[in-house]
Amino acid sequence: MCIRDRGKVVKVSKKDSLQANQLYPKPEDAKAMLTRVMMELTGKGDLVEAVKLFVHPKDKVLVKVNGIARENMGTNKELVIPFIEAMIASGVPANQITVLEQYSGFLAGTRITPGNLPAGVQVAIHQNGKIKGPDGDKENPAMVNMPERLIPGTGTRTKFVRPLTESTCAINFALVKDHSICGFTGALKNMTHGCSINPHDFHVHNASPQIALMYAQDVVKSRVRLNILDGYKVMANGGPLWKMPQHVKPHEAVYASTDPVAIDMIGWEVVEKLRAELGLKTLTDDKRAPSYIKAAGELGLGIADRARIVLKEVTI
C-alpha cells in the first residue's frame with residue numbers, strides 16, 4: 001500500500017473535456033481522466049484498485065481542496081467526488097473521510113457540498129482555527145488542539161488544524177496557478193498555507209523557503225500520500241484570486257504524483273509556458289520565482305531537478 005515514486009509525474013489530457021461554459025469539466029470526462037491518470041501512475045487496471053494503494057479501510061482521510069479563486073477556478077467537484085467514491089468502494093468508511101477548506105466561500109468555489117458528497121463524508125471549514133466570540137475572534141478548540149510550534153528556519157510559530165493533525169492520510173487536490181507573492185501555487189502550498197492557522201505570517205520574501213520548511217514538518221509530510229493537480233485551466237498571472245481572467249486559459253489536463261516537489265516543478269513549467277505565450281515576463285524576471293520548490297527538493301521532500309523528473313503524458 002502507498003507507492004512512493006519520486007520524480008514521476010503523470011499527465012492525462014483530453015480535448016473538449018470542458019463544458020460549454022469553459023469553466024468546469026464534463027463529469028464523464030473528468031472521471032475518465034482521473035481513472036486513467038491513476039492507472040498510469042500505479043499500473044493498476046481500474047480506479048478503485050489504484051486508490052487502494054493509497055488508502056486503507058482504517059485510515060482517517062483528509063481531502064484538501066482549493067477554492068480561493070471561487071467558482072471560476074476551484075478544484076472541480078467533477079474530479080474530487082469520483083476519487084472519494086473510489087475510496088469508499090475500496091473500503092474506507094465514508095465517515096472517516098473529511099473534505100477540508102479554509103473558508104466557506106473557498107469551499108463554495110469547488111461546488112462541493114454535503115448534499116453532493118456520498119452520505120457520511122464530512123466537510124470541515126477551519127477559518128484559520130478561529131471562532132467569533134463576544135470579545136472578538138478566539139481559538140476554536142474544535143479546529144485546533146496542538147501546541148504552538150516554531151517552524152525551524154522561519155522564526156515564526158504556527159499550529160496546524162485538527163482535520164490534518166487527526167488524519168492518518170491526506171489526499172491533496174491543488175491547482176495550476178500564478179500567485180502574486182510566491183509566483184506559483186500548487187501542491188506544496190495547498191497543504192502548508194491551507195492547513196495552518198496563520199498562513200499570512202509565512203508570506204515574507206516570496207514565501208520562500210517558508211513553504212518548504214512548513215511542508216517538512218512531520219505533521220504534513222507524513223500524511224500526504226497523493227497529489228493531484230486539477231489542470232482544466234491554468235492561471236498565468238493575477239493569482240491566486242480571480243482578478244485577471246484574461247490570463248486564465250483552458251488546459252484540459254489532470255496531473256498526479258506522489259512527489260509534491262516534482263509535480264510543482266511541472267506546474268511551474270506550465271505556468272511559465274503560458275506566460276510566454278501571453279507575452280508576460282518570466283516569474284524570475286518578475287521577481288517572484290517560486291524558489292521554495294527547489295528548497296523543498298534540498299530538504300529531501302521530493303525531486304526538484306527537472307532533469308530527474310519523468311513526465312509521462314497521455315492523451316485520451
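Guide: Start with Ala89. This residue is exposed, with a relative accessible area of 54% (exposed is over 50%, buried under 20%, partly exposed in between, with a 1.4 Å probe and protein chains only). The model is predicted, so local features need pLDDT of at least 70 and side-chain atom pairs count only at pLDDT 80 or more, while totals for chains, interfaces and linings use all residues. Residues are numbered from 1 along each chain as its sequence is written, and side-chain values use heavy atoms, leaving out hydrogens and water.

Ala89 belongs to helix α3, which covers residues 77–89. Helices (H or I, at least four residues) and strands (E, at least two) are DSSP runs, numbered from the N terminus. Now look across to Ala207. Along the chain, Ala89 and Ala207 are 118 residues apart. Their C-alpha atoms are separated by 39 Å.

Covering here rests on contact, heavy atoms within 4.5 Å. Which residues of α1 are buried? They are Asp29, Ala30, Met33, Leu34, Thr35, Val37, Met38, Glu40, Leu41 and Thr42.

Helix α1 spans residues 27–42, 16 residues in total. From first C-alpha to last, α1 reaches 23 Å, close to the 22 Å expected (1.5 Å times one less than the number of residues). After α1 comes Gly43, with a positive phi near 80 degrees.

Next, His205. Its place is the loop between α6 and α7. His205 is exposed, at 54% relative accessibility. The side chain of His205 reaches the backbone oxygen of Ser208 at 2.8 Å. A polar contact of 3.4 Å joins the side chains of His205 and Gln210. Such a contact is a pair of N or O atoms within 3.5 Å; within protein, one must be able to donate a hydrogen and the other to accept it, and residues adjacent in sequence count only if both atoms are side-chain atoms. Val63 is 142 residues from His205 in sequence, and 29 Å away in space, C-alpha to C-alpha.

Both α6 (187–192) and α7 (210–215) are among the elements covering the buried residues of α10, as are β10 (183–185) and α9 (260–277). Helix α10 takes in residues 291–298, and Tyr292, Ile293, Ala295, Ala296 and Gly297 are buried there. Gly300 follows α10, and its phi is positive, near 80 degrees.
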